[in-house]
Amino acid sequence: MNSITIGQYYPADSLIHRMDPRVKITGAFLLLIGAFLIESVPGLIFSLLFLGVITALSKVPFRHMIRSLRGIVVILAIAVIFNIFMVPGNAILTMGALTVTDAGLIKAGYMFFRLTYIVAGTSLMTYTTTPVRLTEGLERIFAPLSLIKVPVREIAMIMSIALRFIPVLGEEAQKIKTAQMSRGADFESGNILVRAKSMVPVLVPLFVSAFRRADELSLAMESRCYDPSAKRGSMKPLRFGLRDGLAFLCLGAYMGIMVTIRVLI
Amino acid sequence: MSIIKISKILFEYIRRDSEGNPKQIKTALDHVDLDVREGEFIAVLGANGSGKSTLARHLNALLTPEEGAVVIGGMDTKAPENVYPVRRNVGMVFQNPDNQIVGSIVEEDVGFGPENLGLETTDIWDRVANALEATGMWACRMKTPDRLSGGQKQRVAIAGVLAMRPRVIVLDEATAMLDPAGRREVMESVMELNRSEHVTVILITHHMDEAAMAQRIIVMKEGAVAMDGAPKEIFSRYEELSGLGLDVPDTVRLSHILRSEGMPLPEGIITREEMASALTGLLKES
């Protein structure tokens, strides 16, 4: 369970860490759009270069970035396999009813790259931004929605707590799993269905414990004067500085180049 | 001057059937009276279900009594407008360290309380820095909670409470899930706060050696105060404590056994040092 690194903060002091979360949220969103503009080799190389530069600036180790991909291995595999076999084109290899086509291979390659790119881009945001800053950023971006009675601040608080408890629940799931294994539970053998079923004795106690934790956490928050309707102070207020402006310009340039490559090539 | 004044409070847990009629009533607090002076260090003992935690939750308006009143620094917890001022004055530290840390890095968690009070940014940082220094956690301020030991997590929780500048800190079995080293860490932090900042401490515990460090011990039994006095006085009532299902510190039990075997040990030995000097005194005489 410790392999799940999505949504976890990687403590370091870097340019990207210090950046305004609103810039990083916008950046992650633009990388997502950028991923779907990749249709050619130059686009692929340029976007890879861009991600490489910001990863290097963020001081997040490359190994850590790779680890975030583990969570989407299944989705990746499905996307790639479907593309390989389902896209019509010149047949390269035929295995019974299944045909691998050249267009399929290329499409699968791009799909693989796009999904990896999206996950890497968004996890870079969560690695370099503490959940509190992240939710503060989201809160500010979506603040106008509170005019139409969307509880933006409450949603932001719920999100930050969810992110905070990912490692806690992960550790707990591991403990329960070990406890069940020591009593003879088998999680490794059988097909997917059997293995999914064998997770039930892990998930039920995990849920029960999550509810108990939620109950205790709400008491602790209340006793520390949390009042959703009151005006809260801010420990790390967002200041949009020159650096953030420049970062926005870089993001703009990235989008511009991606669109140009897409249109021209 | 009394900071907490509890008079004749009654609290019941009522289980209802599907029609909403009471099925089972359990009286958790049965007309409890208690007076706490500012700056006191009180330990609350009692078997499971004796009403310790229910009492603790009345101290910062998480629960309010059905009868009687809890008055904190002149404020009745029953008045809705007093709820937040009361919680600012009485901080609570709970048993499970993971379930009370809201922030994902240490300093952000300690800042949670001051943020809730709607303070200015510089003010929040002042309080966070002070609280982290007072609990010795300043060096860990940038860490994520999952990299801390149990004792360190509880000290962060204490710092989080301290940052609200409370006059009273209630520790509801806050050491129960810790190893001996973690317990010692937490106890040292708490005693230091009591000594240097004159914070009133109410420590709910199962550990007799922790209770022995308090100035005053309150023993609860079936929702009522069964004993109230200085540790020496409480631990001398050895049989009574055993009857309540409670233990005494090892040294107290040892001196009790030695006395009943005919050794002329003085009453009121609690610490190991006291025991050692009493025994060497006896050896010299013989």
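Helix 8 of chain A crosses helix 10 of chain A in a right-handed manner, where right-handed means that the near helix is turned clockwise from the far one by less than a right angle, and left-handed anticlockwise. Helices (H or I, at least four residues) and strands (E, at least two) are DSSP runs, numbered from the N terminus.

This is a predicted model, in which local features need pLDDT of at least 70 and side-chain atom pairs count only at pLDDT 80 or more, while totals for chains, interfaces and linings use all residues. Residues are numbered from 1 along each chain as its sequence is written, and chains are lettered from A and ligands numbered from 1 in the order in which they are written.

Helix 8 (residues 152–182) and helix 10 (residues 200–223) of chain A have axes 9 Å apart and an angle of about 135° between them. Axes are lines fitted to C-alpha atoms over the stretch in contact, and angles run from 0 to 180 degrees between N-to-C directions.

| Property | Value |
|---|---|
| Helices and strands of chain B | 11 helices and 10 strands |
| C-alpha span of chain B along its principal axes | about 70 × 55 × 40 Å |
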